[in-house]
Amino acid sequence: MRAGPPLAETVLVLPYGRQSIDDEDIAAVITALRAPLLTCGPLVGRFEAALAALVGAPYATACSSGTAALHLAYAALGIGEGDEIITTPITFSATAAAAYYVGATVRIADTDPRTGNLDPASVEALITSRTRAIVPVHLAGQPAELARLTALARAHGLRLIEDACHALGATSGGVPIGGGDSDAVVYSFHPVKHVTTGEGGAVVVRNADIKRRLDRLRQHGIERDPERMQARPEGPWAYEVQELGWNYRLPDLACALGLSQLTRLPAFVARRRALAARYRAALAATFGASAYGDTLEAPLAAPVEIAGRESAYHLFAIAADWAHFGTTRARTVAALAEAGIGTQVHYIPLLQHPLHAARCPGELARPRPGADRYYARTLSLPMFPAMHDADVDRVVAALHRALVRTTEGPTQ
Ligand SMILES: Cc1ncc(COP(=O)(O)O)c(C=O)c1O
């Protein structure tokens with residue numbers, strides 16, 4: 001990574017996440033701007049091939065966002081009216097909303113209280129004759145329990161669709177997320193993610209027919225291969241609209257940026273992991289063993305990294321018992337903001353949103369103690385590759401002031 005002054009000295013706010021764009025990224029986009037085709041050109045296939053190779057999968061379809069990728073994945077795998085998918089409450093709205101787009105119903109399981117990732121036992125309890133897919137989210141970049149979820153999906157004849165929008169560059173059992181056996185793995189290239197295309201997303205699959213359907217649905221349901229048309233083509237201009245699709249294309253401009261960014265992914269992930277290690281060391285040194293630990297009981301804990309599952313650290317989400325420190329999350333967030341430090345909460349559980357409560361009325365009554373506990377404690381601190389070690393130290397010092405000063409005296 002290129003060195004520069006600590007960001008905290010050069011910008012007012014240290015955001016919780018942001019892109020890293022260098023001169024090569026910019027040069028790649030300028031070159032693409034001068035090319036004959038701004039969209040539907042050769043960079044799309046090149047970006048798809050590079051992504052597929054990187055995660056160890058045969059096929060990728062690039063599209064306009066992670067949300068579009070989820071929609072395409074559900075549609076291409078045949079999920080539709082009357083079907084159910086099972087997912088986690090601790091996710092971004094799109095994981096569930098994209099299922100509504102295809103007419104499916106969403107069942108919401110519980111999570112591990114430490115990671116916020118799907119609890120396989122709670123998934124199993126929700127499987128019915130209408131269930132078509134299990135959709136884990138690798139929250140914050142920490143891989144979900146893929147082995148158990150895959151076994152469950154196989155045992156019940158269900159699709160496994162990974163929402164890996166946080167997990168490009170993560171590994172599970174030594175296998176990159178995206179390189180396993182799932183039916184589809186979905187990524188987002190929003191600027192806070194591991195690599196960016198401005199806006200963008202992709203679906204990675206192992207099956208050639210599903211790849212073909214993803215490509216068709218991305219472009220209005222259009223088929224151009226004469227061998228696959230229902231009518232004999234009248235001429236070289238012929239194409240058939242074979243099913244209802246969308247315009248979810250990712251332009252060459254964005255793919256140029258994505259191709260350049262993908263070459264930097266290993267360095268990005270390594271830097272995120274180094275920053276996480278720095279956070280852990282600084283939190284331990286600053287808060288001491290009486291306040292900081294890695295168990296559920298600790299008043300303050302860094303994110304849990306499960307053995308054999310390497311997090312890509314999209315987020316660095318601490319878990320705090322705010323009451324132990326005599327404060328609230330809202331007051332802590334305000335104190336950090338005053339110190340120029342941005343934070344975020346990932347995520348408000350789905351059913352707390354009016355849309356999802358209205359769409360999933362049957363889901364409201366069931367308790368979800370794991371997710372409730374995770375949500376009550378979580379707070380995402382700044383985490384992005386351009387951060388310096390000094391930025392981490394500054395965040396931890398400000399967190400200490402926000403939490404410990406409140407226990408020493410009233411802050412009103
Ligand atoms: C877990 C998860 N799923 C889906 C999405 C949707 O991705 P996009 O913003 O690219 O549409 C996001 C993006 O924030 C996400 O974090």
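Mentor: Start with the domains. The protein chain is divided into domain 1 (13-263) and domain 2 (265-408). The bounds come from an automatic or database domain assignment. Two ground rules follow. This is a predicted model: local features need pLDDT of at least 70, side-chain atom pairs count only at pLDDT 80 or more, and totals for chains, interfaces and linings use all residues. Residues are numbered from 1 along each chain as its sequence is written.

Trainee: What makes up the contact between domain 1 and domain 2?

Mentor: The contact takes 42 residues from domain 1 and 49 residues from domain 2. Two residues are in contact if their C-beta atoms, placed from the backbone, lie within 7 Å. On the side of domain 1 that touches domain 2, helix 5, strand 3 (105-108) and strand 6 (171-172) each give two or more residues. By class, that side has 20 nonpolar, 15 polar and seven charged residues. Here Ala, Val, Leu, Ile, Met, Phe, Trp, Tyr, Cys and Pro count as nonpolar, Asp, Glu, Lys and Arg as charged, and the others, Gly among them, as polar.

Trainee: How do you know what confidence the protein chain has?

Mentor: The mean for the protein chain is 95, and 95% of its residues reach 70 or more. Confidence is lowest in helix 1 (residues 7-10), at a mean of 49, and highest in helix 4, at 99. Where pLDDT is low, the predicted coordinates should not be read in detail.

Trainee: What makes a run of residues a helix or a strand?

Mentor: Both are DSSP runs, numbered from the N terminus: helices are H or I with at least four residues, strands are E with at least two.

Trainee: Why does tyrosine 248 count as buried?

Mentor: A residue is buried if 20 or more other C-beta atoms lie within 10 Å of its own, exposed if 12 or fewer, and partly exposed in between; C-beta atoms are placed from the backbone. Tyrosine 248 has 21 such neighbours, so it counts as buried. Tyrosine 248 sits in the loop between strand 11 (240-241) and helix 9 (252-263).

Trainee: Why is histidine 220 called partly exposed?

Mentor: Histidine 220 has 16 C-beta neighbours inside 10 Å, so it counts as partly exposed. Histidine 220 also has a positive phi of about 65 degrees although it is not a glycine.

Trainee: What about alanine 140: why is it placed in its burial class?

Mentor: Alanine 140 has 24 C-beta neighbours inside 10 Å, so it counts as buried. Alanine 140 lies in the loop between strand 4 and helix 7 (146-156).

Trainee: Why is strand 5 described as largely enclosed?

Mentor: Five of the five residues of strand 5 (residues 159-163) are buried, so it is largely enclosed by the rest of the structure. Arg159, Ile161 and Asp163 point one way, and Leu160 and Glu162 the other way.

Trainee: How do you know that strand 4 and strand 5 pair?

Mentor: Two strands pair if DSSP finds at least two bridges between them. Strand 4 (residues 131-135) and strand 5 have two bridges, in the parallel sense. Alanine 133 has arginine 159 of strand 5 as its bridge partner.

Trainee: What makes strand 7 and strand 13 edge strands?

Mentor: Strand 7 (175-176) and strand 13 (309-310) each pair on one side only. They belong to an open sheet of three strands, in the order 7-6-13, with antiparallel pairing.

Notes. pLDDT is the predictor's confidence in each residue, from 0 to 100.
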